[in-house]
Amino acid sequence: MSDLDRLSLHVPEPAVRPGGQPDFSNVKIPKAGSVPRPEVDVAPEEMRDLAYSIIRVLNRDGEAVGPWARLLSDDELLSGLRHMMLLRAFDARMVMAQRQGKTSFYMQHLGEEAVSCAFRKVLVKGDMNFPTYRQAGLLIADGYPMVEMMNQIFSNESDPLRGRQLPIMYSSKEHGFFTISGNLATQYVQAVGWAMASAIKRDTKIAAAWIGDGSTAESDFHSALVFASTYKAPVILNIVNNQWAISTFQGIARGGSGTFAARGLGFGIPALRVDGNDYLAVYAVAKWAAERARRNLGPTLIEYVTYRVGAHSTSDDPSAYRPKTESEAWPLGDPVLRLKKHLILRGAWSEERHAQAEAEITDEVIQAQKQAEGHGTLHAGGKPSVRDIFEGVYAEMPPHIRRQRQKAGY
Amino acid sequence: MARMTMIEAVRSAMDVSMERDDNVVVFGEDVGYFGGVFRCTQGLQAKYGKTRCFDAPISESGIVGTAIGMAAYGLKPCVEIQFADYMYPAYDQITQEAARIRYRSNGDFTCPIVLRMPTGGGIFGGQTHSQSPEALFTHVCGLKVVVPSNPYDAKGLLIASIEDPDPVMFLEPKRLYNGPFDGHHDRPVIPWSKHDLGEVPEGHYTIPIGKAEIRRQGSAVTVVAYGTMVHVALAAAEETGIDAEVIDLRSLLPLDLDTIVKSVEKTGRCVVVHEATLTSGFGGEVAALVQEHCFYHLEAPVVRVAGWDTPYPHAQEWDYFPGPARLGRALVEVMEA
């Protein structure tokens, strides 16, 4: 015993802190097109490598290559580009609106637009997402009205959630978007339950669960994988690894497991890692997982490797914990620019058309904002009633809440 | 009508509900093939198949979390938490999810789930099989909290809970499963077959959530009780000879305040009794409401009788459990005040 050193605690640290030179040399990026595409019914143990690689379709020249390519038409890709640009413009306007005091809080998607926008396109009407706060692309890409989103963000008189929820915590059953909690990871296991229900009822619908890299540390993540694996639920388990959980780098949640996708292997769940900034790759992998779910082959775990370019929220300042230039050094590039380059290469797009689309989209967002602001913003104009505090706690208002509402003067 | 234990009554409630509505599903630890550690779900898997009654992994947050997802889909899950003491890993899912989904989505999504859980002591279960966590639920807006005291109520209230559009915490006093236990642990167990409230219709009926029942009419003092303590209170009234009116709350949330107020206005005295720990227990809420609504009718301070503010001990169970002797002393005290 005496020749052993005393124990010491290992506390992981990111490679670089503010003031340092950004360094992503530890992110191993395989060549686009180099990762094989297994059949959807392959045994999970025969595709374990996919949990450690990164599936990529778009190469540095903007070409779509390899076995995961060639799934989408020009029109589908143009519509995907438009969704991402719309989400980006929407975010920019809403961040500004928050700075102007029109709302209390906002969370943007900058750099992560491909993940939710491309994913939405593999779902059909009736499928259900259980999202986190950074998947508004699911709504945008499904045609949910921007004005409705803004009414919610401004908590105004037309807020579909009657002022009860923090901005961006949308809910739309019609658009397959489960009410966002604001708590972390709880939705992951709920998605599995929804998928189990679909299977119990011999339905054809599937569910999609969403979580961030940091929240995989929650016990509900483990519960979700246990239930999904046990009952082979028709669910796609998505992990958006954007490298940062507020100020905490992903190594704190990941520990020694190598990748987040690899968490699925111990559960016998097929696990894939994909370039989250590659619209075509996200679509292809999501499609593969959706097909597995629809064919009753069970759950799939997908890790989207991406980067949170913006702050965690409008209450956060990333320059306090990471180099300011880190996003520029991110080796997987920008999802909008990459798809744009690919479309130009295909001859389906041009710089001129892109600039024109940008202007049109900005105008569209501004028009929606004007309309929403006509119904009020957080501190000005129309707002939900005080009565709305007391409504909807239960289907039928119990006497004690009625007494309190009367006490409040409503 | 049939004679049923409380176990048979809750089983019958699930059976009737599953028969009537194929969106009702039942699952939890050991509830499928085996039929539950207290046998409440015995036979349901054989009758309805293993996709409607099945075993779950030992993961309460997973059980409640998946039930919430199923409810969002349109099912009506009635799940079992093996002991109320095991619900804590699911507390996040219960309090911040199930309770608020209707409110936060403005009714876009709802959460009609029932969590059944055996509660209370009296079976030498020690600190992790004896707890009464009802106040941890009554403090949460959006939940309903039900505690039956007999087989007839248990069945009617459980069917009402399953049919309710909101999440219901259904606490089953485990010491009442086989008989109306009045706290006299040294006497032979009286079975439900020898009690009027062991008479249970075989078919469908409901008892509304939020309605109390007066178990004993009296004029001297109001005893507010629920679950096992209803029977303790009846015994204490008989043994002290004090003419107590015993109210069985049945539902704690929503609470039948009118029945309490009417009774205390008549008697002028009130004792609240529960097995859960005293401090911040549900008795505090009842005492506050009674002084708020009946202050000028009160002849004496409201008295609380409860479990001690300690973990539930094993060997000293009967010194912890608020039996008829302890409650009887409180009745004498409140009459002399």
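A:Trp194 is buried, since 32 other C-beta atoms lie within 10 Å; a residue counts as buried if 20 or more other C-beta atoms lie within 10 Å of its own, as exposed if 12 or fewer do, and as partly exposed in between, with C-beta atoms placed from the backbone. The model is a predicted one, in which local features need pLDDT of at least 70 and side-chain atom pairs count only at pLDDT 80 or more, whereas totals for chains, interfaces and linings use all residues. Residues are numbered from 1 along each chain as its sequence is written, and chains are lettered from A and ligands numbered from 1 in the order in which they are written.

A:Trp194 has its place in helix H5 of chain A, where helices (H or I, at least four residues) and strands (E, at least two) are DSSP runs numbered from the N terminus. Leaving aside residues up to four places away in sequence, A:Trp194 touches A:Met128 and A:Ala207 in chain A, and B:Gly69, B:Met70, B:Ala72 and B:Tyr73 in chain B; two residues are in contact if their C-beta atoms, placed from the backbone, lie within 7 Å.

A:Ala209 stands opposite A:Leu237 in E3(A), and six bridges join the parallel strands E2 (residues 207–212) and E3 (residues 235–241) of chain A; two strands pair if DSSP finds at least two bridges between them. What order do the strands take in the open sheet of chain A? The five strands follow the order E1-E2-E3-E7-E6, and their pairing is parallel. Strand E1 (128–130) and strand E6 (271–275) of chain A stand at the edges with a single partner strand each, so one side of each has no neighbour in the sheet. The twist averages 20° from one strand to the next, and helix H8 (residues 279–294) of chain A packs on the sheet, touching E3, E6 and strand E7 (300–305), with a direction that makes about 170° with that of E7(A). Such angles run from 0 to 180 degrees between N-to-C directions, the axes being lines fitted to C-alpha atoms, for helices over the stretch in contact.

Chain B is divided into domain 1 (2–200) and domain 2 (213–336), with bounds that come from an automatic or database domain assignment. The C-alpha centres of the two domains of chain B lie 25 Å apart, and 30 residues of domain 1 of chain B are in contact with 29 residues of domain 2 of chain B.

Strand E4 (residues 76–80) of chain B is mostly covered, five of its five residues being buried: B:Lys76, B:Cys78 and B:Glu80 lie on one side, and B:Pro77 and B:Val79 on the other. E4(B) pairs in the parallel sense with strand E2 (residues 24–28) of chain B over five bridges, and three bridges join E4(B) to strand E5 (residues 114–119) of chain B, again in parallel. Within these pairings, B:Val24 stands opposite B:Lys76, and B:Val79 stands opposite B:Leu115.

A further open sheet of chain B has five strands in the order E9-E11-E10-E13-E14, with mixed pairing. Strand E9 (213–216) and strand E14 (303–307) of chain B stand at the edges, each with a single partner strand, so one side of each is left without a neighbour in the sheet. Neighbouring strands are turned by 25° against each other on average, direction ignored. Three bridges join E9(B) to strand E11 (residues 244–248) of chain B in the antiparallel sense, and B:Val246 is the bridge partner of B:Arg216.
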